[in-house]
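Please keep the sequence and the coordinates at hand while reading.

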Amino acid sequence: MRQYAGFWALLRLALRRDRVKLPVWLLSIAVMASYFANALQVAYPEKEDLKAIADFMDSPAGTVMSGPGFGWDDPNHATAFAGAYALYLYLGAAFLTVLLVGRHTRVEEEAGRLEMVRAAAVGRHAPLAVTAVLTVGASLLLGVLSAIFILPADYGVGGSWLFGASMTMVALVFGAIALVTAQLSGHSRTATGMASLAIGSAVAIRGAGDVLADQGSWLSWFSPFAWAQQTRVFYDGRWWPLLLGVAAAGALFAVASRLQARRDLGAGLLATRPGNAAAMPALRGPLALALRLERTSLVVWAAVLLVLGALYGGLTDSVQSSLADLDNQMVIDAMGGDPTRMVDGYLATCALFNAYVVLCYAIVALHRLSVEERDGRAGSSLAAAVSRPRWLLAGLGAALVGTVVALLAAGVGMGATAALVTGEGGHFWDVVLGTLFYLPAIAVLLGIGVVGFGIAPGWLNGVWLVAGYAMVVGYLGFALDLPDPLVDVSPLSHVAQVPLETQSALPLVVLTLVAAALVAAGTARFRTRDLTAG
Amino acid sequence: MSAVIEIAKLTKTFGPVRALDEFDMTVQPGEIAAFLGPNGAGKSTTIRVLLGLLRADSGSVSLLGGDPWHDAVDLHQRLVYVPGDVHLWPTLTGGEAIDVLHRLRSHVSVTRRDELIERFELDPSKKGRTYSTGNRQKVALVAALSADVELYVLDEPTAGLDPLMEQVFQDCIRELRDQGRTVLLSSHILAEVEKLCDTVTIIRNGRNVQSGRLDELRHLTRSRVVATTRHDASALAGLAGVHDLEVVDGEVSFRLDREHTGPVMKALADLDLVTVTSNPPSLEELFLRQYAGEATGEAVSR
């Protein structure tokens, strides 16, 4: 037990450090669950009203975005909640523990604080054990809170607890994955990035698997999100799929512990390669520097988007054939009137989905501004002959270049496979253009980020709220039956669902002008404020 | 009494890089031991092996009579460590960080903590992220020096301190010496080492290139003598113990072996001596001689 010495002191330290962040995360997700559960009943009081979203959700596009859905043929509020919204709550649960594990493992180690801690009378396994216990505790608490918060919606007590248990399972599995990736890389960003990649892959695998067969195929079962969805919450609830998650989490915890015992403090299992001894001639000026810093991250995101796009595009064929023998006229009407339009509807929805991923990438890329400032590197650049606007616009420019590349990757991946499997070359250009049309809307959100950064580096985070709102409205807005002004305020609402609709030029021009105005305002504000570090 | 630190033929590699190459070091109880070497020579790697944070590839390491890897927890009860680059938890205050570090070991004195906070003029109520480099270092020093332990491992602890605070630090180390504690001090500030330390170990390229008591090491080098004489001093070149003699405008300078000091000074006096200065070999000289060695060769091979 000497290996675990210092466990309680470290646990108290971990709780002290997380006394704000963790409760905020837990409550936010539980409140979201409660909000979705209740809003659904307000927006669609009658069963007939639910039919409209049920028909969309049961289509391939709806399946990709939300899951297999059980009971769509005879929907009630409880099954609609589980079918349409639960996946997004599971996503929140996954990110909660991935970020929690990240900040208690690699971040501490990389910053050198773990070295000081381990030099005290602290056992080799104690820090990891504390993080594991914290993860399990947070996951359990999340499950309990989620269940309690949806109890008032009156979906059934047993089902509510099963939903809570599913939340716990998802949080546990991805926390355990993050614990393993924390052992693999010596850099916290890479470690958390790998775990986030696992979340993205799990969503994509589940999407593809669920489109292949009604109520999920063999492929779905490779995704922890499918384990949660296959509990068939509020339909004919079953608990056994959760055991898969518990077993996987247990195995991953053991792997993490073994990996940790074998490595040196500060070292990763993935080796770091030496780089160039001198800067390339092209690495000159703030924009070149920002692009160089962005390079690795962009390559990974672009590769993921290419694969994600190709996966969705490759399913176009089976979407088409599943629609060919569809006799539900209501679904066909909901998707545009005739079966060929339904393929367009599917592609347009997938393009929107890809645009969301690119939006997340773009904001992460823009965050380099605040990270550079906090770590004092902005000061080094600004102390050289670089003006503030030039430095800020360089960071924004790198994020925009990255956004274009990411959109292209997603569009080309999806367009190429869609054209290949259907034999219709027109799909390629439709999809590539349709994806690129999101650029001005994403630029507006980046502009909001620049305004926030202009006020203070921490305010850059505010753009996540706006982006989250835009995403919820863009995808679930019609289901929540929001009034038009609330929908129109989101920049994403002004991008047409190509190829289902056609894009007119005016919205794109207006969005571009708005973005430019926001950037100008943010830059002007940044010129007048103090630099916080460096 | 057995040695506090006993390292023999310690080797540690990181991939193709050989950080420590059959490195030896010994520190006896009650010693203030200086650990010197150029950047990247292997000082921090050695300390991390001593703390059980890195596992040795080969060789033997004994710390306070135990094995630093296997007995880490028990040994850490008996030592404290101050890293060269102190990082604090951004949301915890300095006072909280000190207490957290204290709670991770047993023998800590609260009165000593408060006394040291006062002596180092530290504001313990500020958040970790708002401290300057020097103040972060003070937090780590207060946490370490208020612990009642046998061994103090300090890795460049004064790099960020102002001269006044460095004085406080030196006083604290002298107090530890008076109490018979052992200190391993890695430092680049040679004046500090000269004032505080009994023994010196110099590491270069992961190897021990020089070690021993500071006064003994001084014997190995020569004093520098500069004198003005009315008569020509060139003849001194022939005396035993005189090296590198130069005469410019009646001023003579040379290096002198310690054991020949008497006869040479006598000869100088006979030349109608006007002024004379004799400087003992500084640690810096010792140090530069050891550091410079094959430095150029390394630069080429990299």
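Q: In which strand of chain B is Glu22(B) found?
A: The model is a predicted one, in which local features need pLDDT of at least 70, side-chain atom pairs count only at pLDDT 80 or more, and totals for chains, interfaces and linings use all residues. Residues are numbered from 1 along each chain as its sequence is written, while chains are lettered from A and ligands numbered from 1 in the order in which they are written. Helices (H or I, at least four residues) and strands (E, at least two) are DSSP runs, numbered from the N terminus. Glu22(B) is found in strand β2 (residues 17–27) of chain B.

Q: What is the phi of Glu22(B), and does Glu22(B) count as buried, partly exposed or exposed?
A: Most residues other than glycine have a negative phi. Glu22(B) is not a glycine, yet its phi is positive, at about 50 degrees. A residue is buried if 20 or more other C-beta atoms, placed from the backbone, lie within 10 Å of its own, exposed if 12 or fewer, and partly exposed in between. Because Glu22(B) has 14 C-beta neighbours inside 10 Å, it counts as partly exposed.

Q: What share of the residues in chain B is buried?
A: Chain B has eleven helices and 13 strands, and its C-alpha trace spans about 70 × 45 × 40 Å along its principal axes. Two residues are in contact if their C-beta atoms, placed from the backbone, lie within 7 Å. Among contacts in chain B between residues at least 6 apart in sequence, 69% join residues at least 24 apart. Of the 302 residues in chain B, the buried share is 39%.

Q: How do the residues on the side of chain B that touches chain A divide by class?
A: The contact involves 23 residues of chain B and 22 residues of chain A. On the chain B side, α2 (72–76) and α3 (94–103) each supply at least two residues. Ala, Val, Leu, Ile, Met, Phe, Trp, Tyr, Cys and Pro count as nonpolar, Asp, Glu, Lys and Arg as charged, and the others, Gly among them, as polar. By class, this side of chain B has 13 nonpolar, five polar and five charged residues.

Q: What covers the buried residues of α2(A)?
A: The buried residues of α2(A) are Trp25(A), Ile29(A), Ala30(A), Ala33(A), Phe36(A), Ala37(A) and Leu40(A). Val144(A), found in helix α8 of chain A, has its C-alpha atom 9.2 Å from that of Ala30(A), 114 residues away along the chain. The cover includes α5 (77–104) and α8 (126–150) of chain A.

Q: Why are α19(A) and α20(A) roughly antiparallel, and what is the hand of their crossing?
A: The axes of α19 (residues 388–422) and α20 (residues 426–436) of chain A, which are lines fitted to C-alpha atoms over the stretch in contact, come within 7 Å and cross at roughly 160 degrees, on a scale from 0 to 180 degrees between N-to-C directions. Angles under 35 degrees count as roughly parallel, over 145 as roughly antiparallel, 65 to 115 as roughly perpendicular and the rest as oblique, so α19(A) is roughly antiparallel to α20(A). A crossing is left-handed if the near helix is turned anticlockwise from the far one by less than a right angle, and right-handed if clockwise. The crossing of α19(A) and α20(A) is right-handed.

Q: Which residues does Val233(A) contact beyond its neighbours within four places in sequence?
A: Val233(A) lies in the loop between α11 (224–229) and α12 (241–262) of chain A. Because Val233(A) has 28 C-beta neighbours inside 10 Å, it counts as buried. Leaving aside neighbours within four places in sequence, its contacts are Ala82(A), Ala86(A), Gly159(A), Leu162(A), Phe163(A) and Ser166(A).
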